[in-house]
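Student: I am new to this structure and would like to go through it with you step by step. Could we take the questions one at a time?

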Amino acid sequence: MLAGVMVSVAQGAGGVDRGDRVDRCPGLVRPFAAQDGAIVRARVPGGRIALAVIADLLAIAADHGAPVLQLTSRGSLQLRALPDPLPADLVVRLEATGLFPSSSHELARNILASPLDDDLAALVGEVDAALVADFGLAALPGRFLFVVSTAGGAVLGEPWDAAYEVIDAHRGRVHAGSHAIEVRREDAVAELLHRARLFLRHRGHDGVWNVRDLPADSPMFAGMTPYAVAPAATPVPGIVGADLVAGVPLGLLRPSHVTALTEVTDHVTLTPWRSVVVAGGARHTDALAAAGLVTTAESPWSRLSACIGAPSCRSTTSPTIDLTTAAAELLTADGPRVHVVGCDRRCGHPAADHVTVVAPTTIDDVLTAAGARP
C-alpha cells in the first residue's frame, strides 16, 4: 500500500482538546484567505435554493473569482479566488441574493435537512429564524451543525451536533451526541436551541467546536438518555420516484449545469453529498447527463471526491482536482469510496467509510486507492 493512502472513518472522538486551534469556517463577514484568494461560504439552511439565486452567485463568481461554485459537505455554496479584501460592490451583490440575512449569526446558520422530504421545509425555517433571533447563539462555532431529519434519514449519518428526528407528525427525538430526548413537534425548535445553549455554556473554551468533543458526562446531556441513531444509506445519483439525485463532479457547480437545470425546474435542493435533488428530474436524465451532471450510480463520480488542492490551496503542492478527474476516466463505479486530499487536514471528507489519498503525486496513487491497480 502506498504511504499516502489510508482508510479513515470520519468520526470524532470524545474529549478532544482543540484549544490551540482557530475555527476558520468562512463567511461573508469572515472570508478565508486561500492561496488563490478569498473564500466566501453562503449557507443554505435546509438546502432548497432557487436556480435564479445560484445563477446570480455564478455571475458574481465569474466577475470576481473562479467561475464555479463549490458544494460543501454542509450543503453550502462557496465562492473562491475572490479579491482580498472583498470590494464593496461584491459584498453588495452577495447580500442582494438574500443568502446572508444576519451578519451576527452568519457562521451559525448550518442546518441540514433530509433533501428528499419537502415537508421539513417549515421546520427548517423555524429553526433558522429562532437561531438568528437568539443573540447568544451567534457564538456557536462555524463547525456546529444542526440536522432536521425524517426517521432514520441519511443526514443523520453526517457529523451533526444537535438533530431533530421525526417520529410522526406530532412528535420526534432531539439528539445530542449519543443521547436523545423525545419531544412534541411544537417543542422541537426550543429543545434544539436549548441544547445549543448548553453546549456553549459547558464546552470549556473556544477550541471545542463540536458536541462529540465533550465528555460523556457533560451537563449538555442532562435529561437525555443514551440512544444510537440508525441512518439510512447515503442517496446515490439516480432516479427517486419522480425526482432525480444529480451528482456534481467534485462538487464544482458550473454554468453549464445550471443552464441545463433551469430547463427542468426553478429550484434544486443541495445535499451534503455534492449532489442536488431535482424535483421532477426523473424525466430529464439524458439532458442533465449531457450537461455533465451525474445521473446514475454506475458513474465513477459516484465514488470520487477531492479537496481543492494545488494551486488554489497553500497547504499542498498536490493537484488533487486534476488527478481525480484523470482517474475518473479510467475507473468504474465498483470499489471503495475515495477522497483525495492535499494534506492531513483532509478538507471535505465524507462522513461515511472511505479511502483517503493524502497528497498524491501521480494518477497511479489515486487508482491504487480505488482498487484499479494491484
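**Questions on a predicted model**

Tutor: We can begin with Pro85, which lies in the loop between β6 (77–82) and α2. Please keep in mind throughout that this is a predicted model.

Student: Is the peptide bond from Asp84 to Pro85 cis or trans?

Tutor: Pro85 belongs to the loop that runs between β6 (77–82) and α2. For the bond that leads from Asp84 into Pro85, omega is near 5°, and the bond is cis.

Student: Which residue does a cis peptide bond join to Pro311?

Tutor: Pro311 sits in the loop between β18 (304–306) and α7 (320–328). The bond in question has an omega of about 5°, and the residue that this cis bond joins to Pro311 is Ala310.

Student: What is the value of phi in Leu250?

Tutor: Leu250 is found in the loop that connects β14 (243–247) with β15 (252–253). Its phi is positive, in a residue other than glycine, and the value is near 60°.

Student: Turning to the helices, how are α1 and α2 oriented to each other?

Tutor: Two packed helices are described by the angle between their axes and the distance between the axes. For α1 and helix α2 (residues 88–96), the axes are 10 Å apart and the packing angle is about 170°. Angles over 145 degrees count as roughly antiparallel, and therefore α1 and α2 are, to each other, roughly antiparallel.

Student: How many charged residues does the contact of α1 with α2 have?

Tutor: On the side of α1, the contact draws on Leu57, Ala59, Ile60, Asp63 and His64, which meet Asp89, Leu90, Arg93 and Leu94 in α2. Sorted by class, the residues of this contact of α1 with α2 include 5 nonpolar and 1 polar, while the number of charged residues is 3.

Student: How are α1 and α5 oriented to each other?

Tutor: Helix α1 (residues 51–64) and helix α5 (residues 255–262) have axes that come within 10 Å and cross at roughly 160°. The crossing of α1 and α5 is left-handed. With an angle over 145 degrees counting as roughly antiparallel, the orientation of α1 and α5 is therefore roughly antiparallel.

Student: How many nonpolar residues does the contact of α1 with α5 have?

Tutor: Leu51, Ile54 and Leu58 of α1 make this contact together with Pro255, Val258, Leu261 and Thr262 of α5. By class, the contact of α1 with α5 has no charged residues and 1 polar residue, and its nonpolar residues number 6.

Student: Is the crossing of α3 and α4 left-handed or right-handed?

Tutor: Helix α3 (residues 121–133) and helix α4 (residues 188–202) pack with their axes 10 Å apart, at an angle of about 45°. As for its hand, the crossing of α3 and α4 is right-handed.

Student: How many residues in the contact of α3 with α4 are charged?

Tutor: In this contact Leu123, Glu126, Val127, Ala130 and Leu131 in α3 meet Val189, Leu192 and Leu193 in α4. The residues of the contact divide into 7 nonpolar and no polar, and the number that are charged is 1.

Student: Which strand gives the most to the lining of the largest cavity?

Tutor: A search of the whole structure finds 2 cavities of 30 Å³ or more, and the largest has a volume of about 40 Å³. Its lining includes Val44, Arg74, Leu270 and Pro272, as well as Ile111, Leu112 and Ala113. With 3 residues, the strand that gives the most to this lining is β7 (residues 111–113).

Student: What is the volume of the second largest cavity?

Tutor: Among the residues that line the second largest cavity are Arg43, Pro45, Ser76, Arg109 and Asn110. By class, this lining has 3 nonpolar, 3 polar and 3 charged residues. The volume of the second largest cavity is about 30 Å³.

Student: Which residues lie nearest the centre of the second largest pocket?

Tutor: The second largest pocket holds about 410 Å³ of space. Its lining has 16 nonpolar, 9 polar and 4 charged residues. Of the 29 residues that line this pocket, those nearest its centre are Trp273, Trp301, Ser302, Arg303 and Arg337.

Note on methods:
Residues numbered from 1 in each chain as written. Predicted model: local features only at pLDDT ≥ 70, side-chain atom pairs only at ≥ 80, totals over all residues. Heavy atoms only, no water. Axes fitted to C-alpha atoms, helices over the stretch in contact; angles between N-to-C directions. Helix = DSSP H or I, 4+ residues; strand = E, 2+ residues; numbered from the N terminus. Parallel < 35°, antiparallel > 145°, perpendicular 65-115°, else oblique. Left-handed = near helix turned anticlockwise from the far one by under 90°. Contact = heavy atoms within 4.5 Å. Nonpolar A, V, L, I, M, F, W, Y, C, P; charged D, E, K, R; others polar. 1 Å grid on protein atoms, 1.4 Å probe; cavity = no way out; pocket = protein on both sides within 12 Å on 5 of 7 lines; lining within 4 Å. Points joined across faces, edges and corners; volume = space filled by probe spheres on them.
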